[in-house]
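Colleague: I would like to learn how to read a model like this one step by step. Could you take me through it?

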There are 2 protein chains.
Amino acid sequence: MAVTLHVCTTCRAGQPVPEGALPPGARLHEALRAGDLPEGVTIRPVECLSACSQGCAVALSAPGRWTYVYGRLNPETDAPAILAGAAAYAGAADGIVPWRERPEIFRKQSLARIPPLEAP
Amino acid sequence: MAVTLHVCTTCRAGQPVPEGALPPGARLHEALRAGDLPEGVTIRPVECLSACSQGCAVALSAPGRWTYVYGRLNPETDAPAILAGAAAYAGAADGIVPWRERPEIFRKQSLARIPPLEAP
């Protein structure tokens with residue numbers, strides 16, 4: 001299943017960003033790109049996921065599946081767990097990963113989930 | 001454009017719900033159904049949008065468009081503005097409503113927006 005991991009690259013995570021420094025969202029994007037990309041997962045940078053007060057943020061989506069949005073992510077430490085969660089989502093037949101198999105950050109830092117669009 | 005307005009009907013909005021009373025999410029759903037449904041918009045109840053700490057919550061989505069999630073909605077007062085915002089989303093050629101034409105609750109209470117899935 002072709003899964004997209006959207007990463008907000010402009011997120012400041014509620015903090016001032018020193019001139020010339022990368023915002024936290026861009027650092028998270030770099031950390032994810034430097035990690036082991038799971039099979040079937042494409043990382044896609046996005047300018048603003050509109051979760052500014054709850055950043056850093058990512059969203060997982062795929063055709064016909066629930067979309068999941070996660071926030072309050074740490075660009076320095078959370079990339080491996082995000083990639084593990086994306087792998088589990090890609091690997092689940094319907095994209096619904098059993099609760100206990102989700103990384104802790106996915107269990108505790110959900111911002112939203114949105115049902116798939118039904119076939120027209 | 002066929003637009004879906006997802007409404008979390010189980011949301012407790014962080015409050016205890018007295019026995020026998022409807023949770024705030026169900027009250028919001030009722031208020032939306034009682035309002036003037038914009039052309040092209042379908043209201044779809046959802047059991048949990050996983051925005052529990054920021055409820056009540058709704059999500060607007062349509063094929064090929066950005067999805068928008070809004071939270072901290074008041075079931076007693078916000079239904080007309082939500083329906084107006086859904087009408088603007090349905091009426092915009094690409095689903096992107098100019099900022100100033102969005103209801104204030106949509107400008108200030110965004111939980112997330114997610115890009116459309118690109119054609120495979």
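Colleague: Which scores does the model carry?

Modeller: Keep in mind that this is a predicted model. The model scores are ipTM 0.92 and pTM 0.94. For chain A, the mean pLDDT is 94, and 98% of the residues reach 70 or more.

Colleague: Now the sheet. What is the order of the strands in chain B?

Modeller: A general idea first: strands of a sheet pair through backbone hydrogen bonds, either parallel or antiparallel. Here, chain B has an open sheet of five strands in the order S2-S1-S3-S4-S5, and the pairing is mixed. At the edges stand strand S2 (41-46) and strand S5 (110-114) of chain B; each has a single partner strand, so one side of each is left without a neighbour in the sheet. On average, neighbouring strands of this sheet are turned by 15° against each other, direction ignored.

Colleague: In which sense do S1 and S3 of chain B pair, parallel or antiparallel?

Modeller: Antiparallel: strand S1 (residues 3-8) and strand S3 (residues 58-61) of chain B are joined over four bridges. As a landmark, look for Thr4(B), which stands opposite Ser61(B) in S3(B).

Colleague: And which strands does helix H1 of chain B touch?

Modeller: Helix H1 (residues 24-34) of chain B packs on the sheet and touches S1, S2 and S3 of chain B, with its direction at about 145° to that of S1(B). Helix H2 (residues 79-91) of chain B lies across S1, S2, S3 and strand S4 (67-70) of chain B, and runs at about 15° to S3(B).

Colleague: Let me try a single residue. Is Thr9(A) buried or exposed?

Modeller: The cut-off for buried is under 20% relative accessible area. Thr9(A) has 16%, so Thr9(A) counts as buried. You will find Thr9(A) in the loop between strand S1 (3-8) and helix H1 (24-34) of chain A. Leaving aside residues up to four places away in sequence, Thr9(A) touches several residues, including Pro23(A), His29(A) and Glu47(A).

Colleague: Last topic: how can chain B be laid on chain A?

Modeller: A turn of 180° with a shift of 0.0 Å along the axis does it, at an RMSD of 0.0 Å. The two copies are therefore related as by a two-fold rotation axis. Within chain B, the C-alpha nearest that axis belongs to Leu111(B), 3.5 Å from it.

How values were computed
Residues are numbered from 1 along each chain as its sequence is written. Chains are lettered from A and ligands numbered from 1 in the order in which they are written. This is a predicted model: local features need pLDDT of at least 70, side-chain atom pairs count only at pLDDT 80 or more; totals for chains, interfaces and linings use all residues. Side-chain values use heavy atoms; hydrogens and water are left out. Two strands pair if DSSP finds at least two bridges between them. Helices (H or I, at least four residues) and strands (E, at least two) are DSSP runs, numbered from the N terminus. Axes are lines fitted to C-alpha atoms, for helices over the stretch in contact, and angles run from 0 to 180 degrees between N-to-C directions. Contact means heavy atoms within 4.5 Å. Copies are superposed by least squares on the C-alpha atoms of residues with pLDDT of at least 70 in both. Buried means under 20% relative accessible area, exposed over 50%, partly exposed in between (1.4 Å probe, protein chains only). pLDDT is the predictor's confidence in each residue, from 0 to 100.
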